[in-house]
Amino acid sequence: KALEMAEKGLPTMGGTNRPFGYAEDRVTVDPAEARIIRDMTARYLAGESWRSLADWTQREGIKTPTGRDWNSSGLRTMLLSARVAGLRAHAGQVIGPAVWEAIITPEETARIRAVFN
């Protein structure tokens, strides 16, 4: 069933936490959080470290969807994810487009991955 949903580009509805950048329905983009993700992307691609970005979110009072402070690991996971690029992954592999709107482009995600690697 999970593979079938992924092939249709549908979101995973399990768990209690919505993904940062999206509303509770996990599809609708949250404009304020999307702006933060785009800012983080630009800053990382300009040379900032994950730790620097985490420090920035803490100084600005930007919290995770659960109300916690961001750490470098959580930011890295989010910005490297297929989700923010409007892609659907299953079992660690991108399998196609998602039904939700991308916040950053797949090309930006590829650039983030290239810098990270």
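Author: Helices (H or I, at least four residues) and strands (E, at least two) are DSSP runs, numbered from the N terminus. This is a predicted model, in which local features need pLDDT of at least 70, side-chain atom pairs count only at pLDDT 80 or more, and totals for chains, interfaces and linings use all residues. Residues are numbered from 1 along each chain as its sequence is written, and side-chain values use heavy atoms, with hydrogens and water left out.

Reader: Which strand supplies the largest share of the lining of the largest pocket?

Author: On a 1 Å grid over the protein atoms alone, a pocket is an open set of points where a 1.4 Å probe fits, with protein on both sides within 12 Å along at least five of seven lines; lining residues have an atom within 4 Å of a point. The largest pocket is lined by 20 residues, with Asn17, Arg18, Pro19, Phe20 and Arg83 nearest its centre. Both α4 and β1 (87-90) supply at least two residues of this lining. The largest share, 3 residues, comes from β1.

Reader: To which strand is β1 joined, and by how many bridges?

Author: Two strands pair if DSSP finds at least two bridges between them. Ala89 stands opposite Val94 in β2, and in the hairpin, with 2 residues between the strands, Ala91 takes a positive phi near 55°. The strands run antiparallel, and β1 is joined to β2 (residues 93-97) by 4 bridges.

Reader: Which residues of helix α4 are buried?

Author: Buried means under 20% relative accessible area, exposed over 50%, and partly exposed in between (1.4 Å probe, protein chains only). What covers the buried residues of α4 includes α2 (31-45), α3 (50-60) and α5 (106-116). In α4 (residues 72-80), the buried residues are Leu75, Met78, Leu79 and Leu80.

Reader: Is Thr109 buried or exposed?

Author: Thr109 is found in helix α5. Contact means heavy atoms within 4.5 Å; leaving aside residues up to four places away in sequence, Thr109 touches Leu79, Leu80, Ser81, Ala85 and Ile104. Because its relative accessible area is 5%, Thr109 is buried.

Reader: What does Arg51 count as at 40% relative accessibility?

Author: Arg51 is found in helix α3. Not counting residues up to four places away in sequence, Arg51 touches Gln58 and Ser72. Because its relative accessibility is 40%, Arg51 counts as partly exposed.
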